[in-house]
Amino acid sequence: MAAALLAGVAGLAALSAWSEGAANAHTQGLHITEAEWQVQDAPGFSAAPPTIDSKTLPAAWQPVRLPHALPIALLRQAAAAAPGATRTSWFRISSQGLPATHAPLALYGARVRTDGTIAVYADGQLVHTAQQQGPLWNSSRVPLWVLLDKTADGTPPHEILLRLEHTRASQVALSSLWLGPVEALSWRHSWRHWLQQELPAMFSAAFLAVGVFALFVWLRRRHRTAYLLFFLLAATSFLRGLHFYIGFPIANDWFAWLTVNSLFWLVATVHVSLELLHRRKQAWLTRGLVTATVLMGLLTLPVIATLPNTPKVTPLIYVMAALMGFGVALAGAINAWRRPSGEAMLVAAGTAMCTVFGVGDWLLQNNFISPEGWYLGAWTNAISFSIFGTLMYRRYVGAIVEVERVNAGLAERLQAREAELDVSHQRLRAVEQRQMLSDERQRMMQDMHDGLGSTLISAIRSVEHGGMSDAKVSQILKDCMDDLKLAIDSMEPVEADLLLLLATLRFRLEPRLEDTGVTLLWEVRELPTLAWLDPSSALHILRIVQESVANILRHTRATEIRVGTAVADGGVQVSIEDNGQGFDVEGALAEASGKGLNNQQRRAQMLGGMVAWESGPAGTRFTLWLPLEASSRIP
């Protein structure tokens, strides 16, 4: 990405030069390479007069070739110039040789260098002026574009004058000019303006926007210094080229101080970035850069002005900045080679290229090379953005890859852990099932021993002693069968549904009741589920209800039994009513013969419930109340 952009910058410059030369074959316009020139001294800047006659100018006209540029004698210039003294350079151009056309005319020049006012006259009439003063004016990067009106008879102006004001310490430069139809020349102006100003300005704005984003990232992740350095690079690069892109004159000493010193800040920031990349400290170079940057900032302060911002001093300051840039690039390349770092080498190469572009701009700005050239320094922001943006992109992608790798590792570990947990779960399930089977087997053995076993043992002893009739033996065996059936029914899954449990008992009792001539009235209603209803609790409930039905069949001579359910007092209630003869409840509970009633009470208490009897001449009502929750159960 970075290499592609660097090649693209050079390609754009070459394409621009080629396109301007190749366009001569198909554009109608006059390429002006000869002019007349004279210079006048003045005590200061003055407004351009609305009209002027070139013949009235006091100095003699001298023929010059365009482009016109006199090198600046940096160490000797304007030594005897009075403070505030200025000069006015005049250029007289003839339109002779311009092809006839009815289209609007325009005057185009690739570059005009001055630090004062530009004025353009057509046949003595002022047609364009730019009130620009100050040594940092951006006219050297703004192509000249002037629309010209034709004379009253429809012919183009015969003579064009250019008035360039400037300080005596500064030399002017004027590129060759083009005079012709607007449609034929507008592409030249648009192409150069877009490549020289608009496109670099967009790169600078994009660089700054991404830099601000990096700053916010750094504020959340303070240990990632690279994000802070990226923001500082973007900010200093933007400040360095700010005066190239604004559209108003700059005469503010503080603004000039900011744009000049931002170049030193930029070099220092690049050096710190290189140290971060190749991980080799260069204390001596760091101290030298910091010292030079601080001293330069102090000496050029407008309030001190030890090194004032003048055409004599400022070029020398840029020479020092170029030397610092080359030093940082060379040191960075050496350290990147010693401790192999492709990223550091890329930054060092980019720094060297930007410095070379800056030197080229310095030569162009100071008239050492033709003003027809291009300012490549405007593209240094694009180079910096491309290189450091590539580094940030690689770090971003690397972070994503690392996160994906960590996530994959975590997924593998999680999968292995899940497999271990699944194996452990299967083992626990097997242990639980074996334990449940063992507990259930133990419970059934205990129930059969306490219920069915004790009954059979009592019956066997009675039969052996000859004290029990056949009818009694038959009844005992039937009770044993009922008790065995209850134990089996308690094993059926009832899903905490009491009605389903009672239904299994009804299935067992109804045929027996029909044989004895007793009618069963089943009047149950929906009940809430009992979460605590396990096989052991189900057996207790079945035995309580069976005992109640057995007592009715044995003692009350009833012909009708009514079974009902209801929700009462925060629980559920099972009621059994008969129409037989009643009995004394208190007496039955107190006598030894009331052992069955006491067993019902005991079982109900184990479930956290209670039983009650209401008996009279018209029959008996038995109720079993059970809680909804298991908190009150007795284990």
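How do the residues lining the largest cavity divide into nonpolar, polar and charged? The lining has 9 nonpolar, 1 polar and 1 charged, where Ala, Val, Leu, Ile, Met, Phe, Trp, Tyr, Cys and Pro count as nonpolar, Asp, Glu, Lys and Arg as charged, and the others, Gly among them, as polar.

Before going on, some housekeeping. This is a predicted model, with local features needing pLDDT of at least 70 and side-chain atom pairs counting only at pLDDT 80 or more, while totals for chains, interfaces and linings use all residues. Residues are numbered from 1 along each chain as its sequence is written, and side-chain values use heavy atoms, with hydrogens and water left out.

**Stop 1: the largest cavity**

Select Ala226, Leu229, Phe230, Leu233, Ser273, Leu276, Leu277, Phe388, Leu391, Met392 and Arg395, and you have the lining of the largest cavity. A cavity here is a set of points on a 1 Å grid over the protein atoms alone where a 1.4 Å probe fits but cannot get out, and lining residues have an atom within 4 Å of a point. The volume is about 130 Å³, taken as the space filled by probe spheres set on the points, with grid points joined across faces, edges and corners. By this rule the model has 5 cavities of 30 Å³ or more.

Now colour helix 3 (225-240), helix 5 (253-278) and helix 9 (380-464): each of them supplies at least two residues of that lining. Helices (H or I, at least four residues) and strands (E, at least two) are DSSP runs, numbered from the N terminus.

**Stop 2: helix 5 against helix 8**

Axes are lines fitted to C-alpha atoms, for helices over the stretch in contact, and angles run from 0 to 180 degrees between N-to-C directions. Helix 5 passes helix 8 in a left-handed crossing, meaning that the near helix is turned anticlockwise from the far one by less than a right angle (clockwise would be right-handed).

For the contact (heavy atoms within 4.5 Å), show Val270, Leu274, Leu277 and His278 in helix 5 with Glu343, Ala344, Val347, Ala348 and Thr351 in helix 8. By class, that contact has 6 nonpolar, 2 polar and 1 charged residues.

**Stop 3: helix 6 against helix 7**

Next, pick residues 283-299 (helix 6) and 314-338 (helix 7), which pack at an angle of about 160 degrees with their axes 12 Å apart. This crossing is left-handed. Leu285, Leu289, Ala292, Thr293 and Met296 of helix 6 make the contact with Ile317, Met320, Met324, Val328 and Ala331 of helix 7. The classes come out as 9 nonpolar, 1 polar and no charged residues.

**Stop 4: the second largest cavity**

Which element gives the most to the lining of the second largest cavity? Helix 11 does, with 5 residues. The cavity holds about 70 Å³ of space, and its lining includes Leu502, Arg506, Trp522 and Val563.

Finish with helix 11 and helix 12, which pack at an angle of about 30 degrees with their axes 11 Å apart. Their crossing is right-handed. Among the residues that meet there are Leu498 and Arg512 in helix 11 and Ala538 and Gln546 in helix 12.

Note on methods. 1 Å grid on protein atoms, 1.4 Å probe; cavity = no way out; pocket = protein on both sides within 12 Å on 5 of 7 lines; lining within 4 Å.
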